[in-house]
Structures are given as C-alpha cells and as structure tokens.
There are 2 protein chains.
Amino acid sequence: MQQISGGVTAAKGFKAAATAAHIKYEGRDDMALVYSCVPAKVAGVFTKNIVKAAPVQWDKAIVKNQEFAQAVVLNSGIANACTSKKGLAANETMAQAVADELSIPLQSVLTASTGVIGMSLPVDRAVKGISALVPQLSDTEEAGLKAAEAIMTTDTISKQCAVQFEWEGHTITVGGMSKGSGMIHPDMATMLAVVTTDIAISKELLQEVVRTDVDYSFNMISVDRDTSTNDSLMVFANGEAGNAEITTKNEGYEKFVEAYSTVTRTLAKIMASDGEGATKLFETTIIHAKSHADAVTLSKSVITSNLVKTAIYGNDANWGRIICALGYSGVEFDPEIVDLYIESEGNKLKLVENGMATDYSEDEATKILSASHVTAIADIKAGIETATAWGCDLTYDYVKINGDYRS
Amino acid sequence: MQQISGGVTAAKGFKAAATAAHIKYEGRDDMALVYSCVPAKVAGVFTKNIVKAAPVQWDKAIVKNQEFAQAVVLNSGIANACTSKKGLAANETMAQAVADELSIPLQSVLTASTGVIGMSLPVDRAVKGISALVPQLSDTEEAGLKAAEAIMTTDTISKQCAVQFEWEGHTITVGGMSKGSGMIHPDMATMLAVVTTDIAISKELLQEVVRTDVDYSFNMISVDRDTSTNDSLMVFANGEAGNAEITTKNEGYEKFVEAYSTVTRTLAKIMASDGEGATKLFETTIIHAKSHADAVTLSKSVITSNLVKTAIYGNDANWGRIICALGYSGVEFDPEIVDLYIESEGNKLKLVENGMATDYSEDEATKILSASHVTAIADIKAGIETATAWGCDLTYDYVKINGDYRS
C-alpha cells in the first residue's frame with residue numbers, strides 16, 4: 001500500500017467540481033459535487049445527535065434502503081439544521097436538481113450541509129450552483145482539491161488523503177476528503193467526510209468496514225466535545241478497478257480495510273490538528289487497560305479536558321490535570337500504580353511512576369510539549385487493551401473564533 | 001428567614017482564623033482554621049473522582065464513622081493529591097498538630113487542601129502555620145472573611161453567605177464559605193466548602209439534608225467540566241442555638257432545609273459567576289422535562305458546551321449551539337416542539353418556537369446577553385419536571401489563567 005496525492009478524484013471513475021453559489025460566504029467556493037460515472041455501492045454513518053440536520057435525515061434513508069448511489073452535493077455556510085419541514089423540502093429540491101442535471105435517479109443523490117444552525121438554505125442559489133457544478137465535473141486532482149476547499153468553514157487547511165494497493169493484478173485506490181474544525185466530537189461519524197474507492201465490494205461488507213472503522217478513526221477525535229447536528233461520513237465504491245467483487249473477508253478485503261483505515265485515520269488526525277484555534281495535535285494513548293471500552297473512555301477523557309488542553313497550549317507539564325481527567329472518566333482503575341509519559345519527535349519522558357511524580361526535568365518536559373504533535377501515554381497496568389484518541393490544545397483563538405462565529 | 005452578613009463565624013460558637021504559612025504562595029494568607037467551641041455533629045460529601053486527595057480520604061472516614069467533629073484546617077496552593085502514602089502521612093501530621101494545639105481528639109479534626117496536584121505538602125510550614133492559627137481563633141465577622149480569603153486560589157472574590165431564622169424562640173444561624181474557580185464540575189460536592197450552623201440536629205438528618213441538597217446546589221454548577229480530586233463539602237452543627245435537637249422532619253427541619261439550601265445555592269452561584277476568566281453567570285433552566293434526571297442532564301449539557309460558552313461571551317444569540325447541546329445530551333426528546341428563551345434583568349425573548357427560529361430582534365437578543373447574569377430557558381414540552389444549572393462564559397482569560405497556572 002502506498003500513499004498517493006489527491007483525494008476524492010484519485011480513484012477511477014470519480015469526478016468532482018466546486019463553485020461559488022453565495023449560500024452565505026462571498027468571494028469563495030461554497031458548493032461541491034462528487035460524482036461516480038457508474039452507480040457505486042454506498043455506505044455511511046451519521047450523527048447520533050437527536051437534532052439531525054435535513055441532509056442527515058435524507059442520507060440515512062438512502063444508505064439504509066439503496067444499494068447504489070452516484071452523487072453527493074455539499075454546501076458550506078449554512079447547516080440546514082433546525083429548519084423543520086422547510087429544511088427537508090429545500091434539501092430535496094437540491095437533490096432533485098442534481099438528479100435532473102445528471103439524469104440519475106433522485107434516490108442516488110446524497111446531500112451534505114455544514115455551517116450555521118437555524119438559517120434557511122437559499123434554495124434558488126443552491127439550484128443555480130448545481131447548474132454551474134455539473135458541466136465542471138472533472139476527474140483531475142485539482143477538481144478534488146477544489147471540492148475539499150469548498151466545504152471548509154472555520155478550517156484553515158483543506159483535508160484530503162489517498163492510498164493505492166495492488167491485488168490480483170488490479171490497482172485499487174481509496175481517496176477521501178473531510179472538513180471540520182469546530183463542533184467536533186463525532187459520535188458515529190465526522191463533521192463531513194466523503195471517501196471514494198474504485199474497489200468492487202458488496203454493500204454489506206462495505207457498510208461493515210465503514211461502521212467498524214469509524215470507532216477507531218473519526219469517533220476518536222474531539223476539538224470541543226460538541227457533537228454536531230450534521231456529522232456525516234459517506235463512502236462510495238464504484239468497482240471501476242476491475243477486481244472480482246469482494247463478498248467474503250479474503251486477502252483483498254484485508255488490504256482494503258488497511259487502505260481505508262489509513263485514509264480515515266489520516267483525515268481524522270488532520271481534523272484534530274486543525275481544530276479551531278489549535279496550535280498542535282494532542283494525542284493520548286492508553287495502554288494496558290482492562291477493556292477496549294475502558295481505554296477509549298480514558299483516552300477521550302484526557303483529550304477533551306479543558307484544563308489539560310490549556311496546559312498543552314502553555315507547554316506546561318501539569319500532569320496532575322491528566323491524572324485528574326483519568327480519575328473522573330468513570331472507569332475503575334488503581335491511580336496508585338499508573339505510569340504517565342509524554343512524547344514528541346522521538347523523545348519520551350516519564351512524568352509519573354506508580355501515581356507519583358518522578359524527578360523529571362521541567363526543561364525537558366517543556367521541550368517535548370513544544371512540538372507540533374505531542375503524545376501522552378498512560379499505562380494503567382490493568383490488562384492488555386489499548387486505544388488512542390486525538391485532540392488539540394485550547395487557545396485564545398478558539399475563544400476568538402467562537403465568540404463571534406456567526407457574523 | 002433573612003440573609004445576614006458574615007460566613008463561617010456567623011453561627012454561635014464558631015471561630016475562625018487565617019495565616020500566611022508559605023505553603024506555596026508568598027505574601028498572602030494560605031491557611032485557615034474553623035473551630036467549634038463544642039463538639040459538632042458532622043456531615044459531608046466528597047469528590048467521586050477515583051483519584052482522591054489525601055485530605056478527602058481522611059475526611060470521608062471521619063464523616064462515616066464519627067458523630068462529632070470540632071475543627072477543619074484548610075490550605076491553598078497545594079492539593080496534596082497524587083502524593084500516595086507520603087501525602088496521607090503529611091495530612092495526618094497536620095490533623096495531629098491541630099488536635100494537639102486545641103486539645104481535642106485527632107478523630108475530630110477534618111482537613112482540606114486545594115491547589116496544584118502532585119506537589120508535596122511542606123509539613124513543617126503547615127505545622128508552624130497551625131501554631132500561628134490557634135491563638136488567633138476569633139468569632140468575629142472579620143475572622144470568617146479572612147478564612148474565606150485564605151482558601152482562594154484563582155478565585156477573584158471570596159465566597160461567603162449566612163442566613164438566620166427563628167424557631168420556637170431560638171435564633172438559628174447557618175453560614176458558609178467556599179472556594180473554587182477552575183476544575184469545577186462538582187460530582188458529589190464542590191471544590192471546598194465549609195458550612196457551620198448552631199442548630200441542634202441529629203447526625204442522620206444532617207447528613208440527609210447535606211446529601212440531598214448537593215444535587216440541587218453544588219452539583220449543578222460547572223466551570224470547565226473537570227471534576228476535581230479534592231471536592232469537599234463539610235458541615236458542622238454544634239447545637240449552640242439552644243433548640244431542642246431535631247430528630248424528625250418537623251417544622252424546624254423544614255426551616256433549616258430552606259436556610260441551608262439558601263446558603264449552598266448562593267455559594268454555588270457565586271462560584272459559577274467567578275469561574276476562571278468568566279465575565280458573567282450563565283444559568284440554564286429546563287422546563288417541562290419528562291423526568292428530573294432528564295432536566296438535570298439537559299441543563300448541564302448546555303452550560304458545559306464550549307461552543308455555547310464562547311457564544312455567551314460574545315453576546316451572540318447563536319441558539320443553534322444550545323439546541324445542538326440539548327440534542328447530544330443523551331436525553332430523548334422531540335426537537336421539533338422545543339421553545340427556547342433568553343432572559344436577563346427582567347427582559348425575556350423567545351428565540352425558538354417549535355424547533356425553529358422566531359423573527360426575534362438580534363439587537364434585543366444582544367442586549368439581553370450583555371448582562372452580567374444571563375438565563376436560557378428551554379421548554380421541552382414532555383412533562384412537568386424542571387432543573388437549573390449554573391455556569392459561566394468561556395473567555396480569553398480562562399485560556400490565559402490555565403495555559404500558565406502552575407508558575
């Protein structure tokens with residue numbers, strides 16, 4: 001398996017386009033379209049927030065009931081959430097416009113919106129945008145990049161990843177894009193992500209891969225512990241690689257799982273490191289937990305603690321806050337035997353041994369914490385399970401961005 | 001019942017003192033002692049964090065096993081948490097010094113520490129501090145105030161409250177002090193609080209009052225969703241008011257509950273409004289919930305959301321974030337029938353009706369949100385239960401304080 005450049009247009013038979021539809025922003029692209037030249041097996045996972053945006057309600061029904069889909073239209077600026085029946089109607093109008101322009105069935109068009117909650121989607125502009133998108137559809141790397149840029153809100157960098165592997169003489173590609181910087185604490189999916197692949201695989205196995213993987217990738221990141229109303233991960237597999245369709249968990253399946261999880265984990269980590277106002281990626285690994293569920297809960301408790309996040313911003317080895325966050329997580333463990341390490345750029349330092357401070361050097365700790373990717377490792381000494389969660393520091397800029405996001 | 005000035009020395013037979021023991025801070029008082037002239041019924045609740053500071057472990061045993069206690073010694077600067085056996089020994093030395101100086105049993109001395117986790121308590125300084133505290137013990141209002149000031153860490157104001165009521169010819173007083181500004185998300189108690197009362201009441205009824213009330217007072221506030229290792233609420237009832245001891249839920253009991261809950265709620269609200277970096281108190285009331293537990297979960301989900309807290313800081317009526325926080329709380333409800341109001345200084349504005357925006361005036365909303373005490377009210381329309389939680393906004397200063405707290 002190797003990483004290649006590109007995103008949603010990397011796999012065979014996928015095209016993308018972006019346009020400025022003036023949904024809310026001015027002077028930038030704010031709509032994107034991703035299209036498979038042939039019907040593709042479709043899978044997806046969506047937010048568990050009880051308040052579900054109109055596009056989430058629409059997509060869930062399609063992923064549940066349809067084997068194939070062929071396009072997804074996305075907009076930034078307005079989330080089309082808390083908009084009731086009017087929002088559902090606007091969403092369907094958008095999907096219908098895509099179906100008409102591409103001459104494909106309405107039920108093969110997914111939708112995704114991200115931005116301010118509660119505002120109405122300007123349907124006329126969206127429909128005009130779709131008319132502009134379709135003629136621009138292209139399978140170039142540039143088209144994929146433009147789509148990834150069009151769905152950004154407070155993101156500071158666009159998020160793409162693609163990998164390739166060989167199997168039985170076929171080159172199989174998996175590529176994806178995502179967005180998300182605030183209101184990021186995915187619960188069953190990330191803010192918005194589209195993954196495309198040219199592998200031939202059954203719908204059931206595809207959905208199983210997507211469903212299983214999300215608990216190790218997007219569901220392990222958090223920027224602000226706020227689970228969005230719009231979280232959506234949509235996956236298209238169009239079979240254009242030419243392999244015999246995968247219907248059992250054979251070697252090709254294993255290779256695909258590895259490639260797919262590389263794409264999702266890479267996108268997830270970029271999202272955490274580009275959290276609103278973040279200056280660094282903060283990773284926490286729990287080792288020797290009694291169960292995987294314990295390890296997940298413990299690692300997430302650390303990366304979501306505001307006190308830990310501000311200490312990480314200040315390059316301050318205030319390890320008591322990490323131990324405190326482990327302690328209130330709800331997981332039973334013996335704090336008196338815990339070891340704690342910090343690590344970056346190949347340097348590792350033990351701060352805590354058996355629940356108490358070692359005589360570590362504060363200078364060395366500060367140096368390790370000053371890197372752009374910092375990891376904390378807690379050894380619980382209770383079993384054999386492990387988990388890793390990704391977050392970011394909490395900074396002045398987070399407050400700045402969110403004290404005045406709407407205007 | 002009427003509010004009076006003062007705190008822990010307001011009730012008859014209670015004395016307090018403060019001193020600068022140089023535990024960690026320089027140039028300010030950092031130790032306090034509260035003393036009852038006669039043995040007092042003792043009750044308390046403590047943190048549920050698995051990582052429990054040495055004084056918490058000490059106090060829990062006393063509250064469980066002893067009917068009476070007579071003193072509590074408190075220090076700020078160092079939390080004496082994550083200090084293992086050495087910390088327990090230091091704590092006991094401190095308690096023993098108090099017992100010796102006051103000629104009271106060791107088992108009637110409670111302890112409390114607050115400050116940095118993981119640092120060792122300088123026992124010699126603490127013992128010297130205790131020698132300085134005892135001769136200064138005084139029942140004046142000033143002595144109570146000095147004690148409240150000595151236990152402050154990042155607090156910007158000292159926190160006291162006292163009330164009085166008459167019953168069967170006796171004047172009964174309840175007074176208290178607390179501290180807490182960061183790592184505030186109490187789970188069974190607040191950071192540190194001491195309540196003194198001269199009522200005569202049985203230990204069982206006292207503990208029941210304390211235990212029941214905390215879920216409506218200290219456990220309903222949050223500054224940063226971080227539950228401390230040191231949360232402690234300690235209550236002393238010394239019977240000096242001269243009333244016949246309360247052993248049943250009679251009229252005197254009801255009056256005491258009202259007075260006690262006034263003190264705890266007042267202290268809790270001051271703590272929330274003095275949250276680290278906070279510019280305002282942010283209250284959320286849920287009405288018409290299906291159950292009280294639902295109302296509690298929903299109200300806490302709103303006041304702990306970083307996105308809501310930053311919007312409140314920015315005086316931005318970004319109600320979508322409030323609805324979103326209700327949605328991911330885990331409580332089942334119908335978002336399409338929810339109404340949402342904001343209120344301050346007697347002005348009330350409906351932002352959301354049946355899940356969608358009303359045509360409210362943004363100017364009026366901004367004006368309401370600009371007050372120093374802002375309330376959000378969500379009508380869930382699912383039942384008859386209600387709950388109120390108190391928090392604060394998330395500001396640049398929170399990041400500033402916590403990016404560099406240790407130094």
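Visitor: What should I know before I start reading?

Guide: This is a predicted model: local features need pLDDT of at least 70, side-chain atom pairs count only at pLDDT 80 or more, and totals for chains, interfaces and linings use all residues. Residues are numbered from 1 along each chain as its sequence is written, while chains are lettered from A and ligands numbered from 1 in the order in which they are written.

Visitor: Which rotation superposes chain A on chain B?

Guide: Start with the general idea. Two copies of a chain are related by a rotation about an axis and a shift along it. Here the rotation is 180 degrees, with 0.0 Å of shift along its axis and an RMSD of 0.0 Å. That is the relation of a two-fold axis.

Visitor: Which residue of chain A comes closest to the rotation axis?

Guide: Tyr396(A), with its C-alpha at 2.6 Å. Both copies use the same surface: 100% of the contact residues of chain A recur in chain B.

Visitor: How many residues are in contact between chain A and chain B?

Guide: The contact pairs 51 residues of chain A with 51 residues of chain B. Two residues count as in contact if their C-beta atoms, placed from the backbone, lie within 7 Å. On the chain A side, helix 8 (306–313), helix 9 (319–327), strand 13 (356–357) and helix 11 (396–403) each supply at least two residues. Helix 9 of chain A gives the largest share, six residues. Helices (H or I, at least four residues) and strands (E, at least two) are DSSP runs, numbered from the N terminus.

Visitor: What classes of residue make up that side of chain A?

Guide: There are 23 nonpolar, 19 polar and nine charged residues. Ala, Val, Leu, Ile, Met, Phe, Trp, Tyr, Cys and Pro count as nonpolar, Asp, Glu, Lys and Arg as charged, and the others, Gly among them, as polar.

Visitor: Into which domains is chain A divided?

Guide: Domain 1 (2–271) and domain 2 (281–403). The bounds come from an automatic or database domain assignment. In chain A, the C-alpha centres of the two domains lie 32 Å apart. Their contact takes nine residues from domain 1 of chain A and 11 residues from domain 2 of chain A.

Visitor: Is helix 8 of chain B buried or exposed?

Guide: Mostly covered: eight of its eight residues are buried. Among them are Leu307(B), Lys309(B) and Tyr313(B). Buried means 20 or more other C-beta atoms within 10 Å of the residue's own, with C-beta atoms placed from the backbone. Just after helix 8 of chain B, Asn315(B) takes a positive phi of about 55 degrees.

Visitor: How do I read strand 3 of chain B?

Guide: Strands of a sheet pair through backbone hydrogen bonds, either parallel or antiparallel. Two strands pair here if DSSP finds at least two bridges between them. Strand 3 of chain B runs antiparallel to strand 2 (residues 14–19) of chain B, with six bridges. Seven antiparallel bridges link strand 3 to strand 4 (residues 68–78) of chain B, where Ala40(B) stands opposite Ala69(B). Of the 16 residues of strand 3 (residues 31–46) of chain B, 13 are buried, so the rest of the structure largely encloses this strand.

Visitor: What is the strand order of the open sheet of six strands in chain B?

Guide: The order is 13-12-11-14-10-15, with mixed pairing. Strand 13 (356–357) and strand 15 (385–392) of chain B stand at the edges with a single partner strand each, so one side of each has no neighbour in the sheet.

Definitions and conventions:
Buried ≥ 20, exposed ≤ 12 C-beta atoms within 10 Å, placed from the backbone. Least-squares fit on C-alpha atoms with pLDDT ≥ 70 in both.
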